Amino acid sequence: MAAVVLKDLAAHRGTVRGVLIRFVKDETLADDLVQEALLRATRAASGMRAEASPVTWLTAIALNVARDHFRAAKRQPPSTSLDLAEDLPAPDRPETGILQAEMSGCILGHVTRLPERQRDAVLLHHFAGCDHREIAAVLAVSEGNARIILHRGLATLRASLGAECVLDFGDDIPCERR
């Protein structure tokens, strides 16, 4: 059984990589996380339930790997190196890329404060492009429950952003803290 599971996991590598690229916005990091997810899945292959879909099982492991990565990054002191500026996009107006990156980071910070299931549903839907059925499979809930979890997550996110941020997409600076 383990050999069949491992073969199935390798077949879903591209799908999981796509989910992680949308989630972390960095292809190199996504490749590293896919490797770690495959390694963890290989170690846990004997524990996979027979009724579980290999792709949803592997996606859940990959999202846990990504969460672990970001938790570990949070614990490290912030970097002040100017070398990081090379990673920023270079649009016509450089400050636009910086503002967009800052706003994305701010919104992602609000997303990470959501309860775990709501956070997973929001990330799967908006970053990975998963529909309600796929979210339900990853969260191991019914499709109706996945809709409710996603709705509550988005409502909580809106309230959090509304309480702490002033969003104005017609302005040069679309997001300011209150």
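Before the first contact list, one term: when I say two residues meet or are in contact, I mean that they have heavy atoms within 4.5 Å. Also keep in mind that this is a predicted model.

First, the overall picture. The protein has eight helices and two strands, and along the sequence the order is α-α-α-α-α-α-α-α-β-β. Of its 178 residues, 34% are buried. If we take contacts between residues at least 6 apart in sequence, 57% of them join residues at least 24 apart.

Now the helix pair. Two packed helices are described by the angle between their axes and the distance between the axes. For helix 6, residues 116–126, and helix 8, residues 143–164, the angle is about 95° and the axes are 8 Å apart. Angles of 65 to 115 degrees count as roughly perpendicular, so helix 6 and helix 8 are roughly perpendicular to each other.

Which residues in helix 6 and helix 8 meet? From helix 6 we have Arg117, Gln118, Ala121, Val122, His125 and His126, and from helix 8 Ile149, Leu150, Arg152, Gly153, Leu154, Thr156 and Leu157. Sorted by class, this contact of helix 6 with helix 8 holds six nonpolar, five polar and two charged residues.

Two residues from these helices deserve a look. Asp120 sits in helix 6. Is Asp120 buried or exposed? The cut-off for buried is under 20% relative accessible area, and Asp120, at 10%, therefore counts as buried.

Ser160 belongs to helix 8. Its relative accessible area is 18%, so Ser160 is buried as well. Leaving out residues up to four places away in sequence, Ser160 touches His110 and Arg113. Ser160 and Arg113 are 47 residues apart along the chain, with 9.2 Å between their C-alpha atoms.

That leaves helix 7, residues 132–139, where Ile135, Ala136, Val138 and Leu139 are buried. Seen down the axis of helix 7, these buried residues fall within an arc of 165°, so they line one face of the helix.

Asp131 caps the N-terminal end, with a side-chain oxygen 3.2 Å from the backbone nitrogen of Arg133. Just after helix 7, Ala140 has a positive phi of about 60°.

Notes. Residues numbered from 1 in each chain as written. Predicted model: local features only at pLDDT ≥ 70, side-chain atom pairs only at ≥ 80, totals over all residues. Heavy atoms only, no water. Axes fitted to C-alpha atoms, helices over the stretch in contact; angles between N-to-C directions. Helix = DSSP H or I, 4+ residues; strand = E, 2+ residues; numbered from the N terminus. Parallel < 35°, antiparallel > 145°, perpendicular 65-115°, else oblique. Nonpolar A, V, L, I, M, F, W, Y, C, P; charged D, E, K, R; others polar. Buried < 20%, exposed > 50% of the residue type's maximum accessible area, 1.4 Å probe, protein only. Arc of directions from axis to C-beta. Polar contact = N/O pair within 3.5 Å; in protein donor to acceptor, adjacent residues only side chain to side chain.
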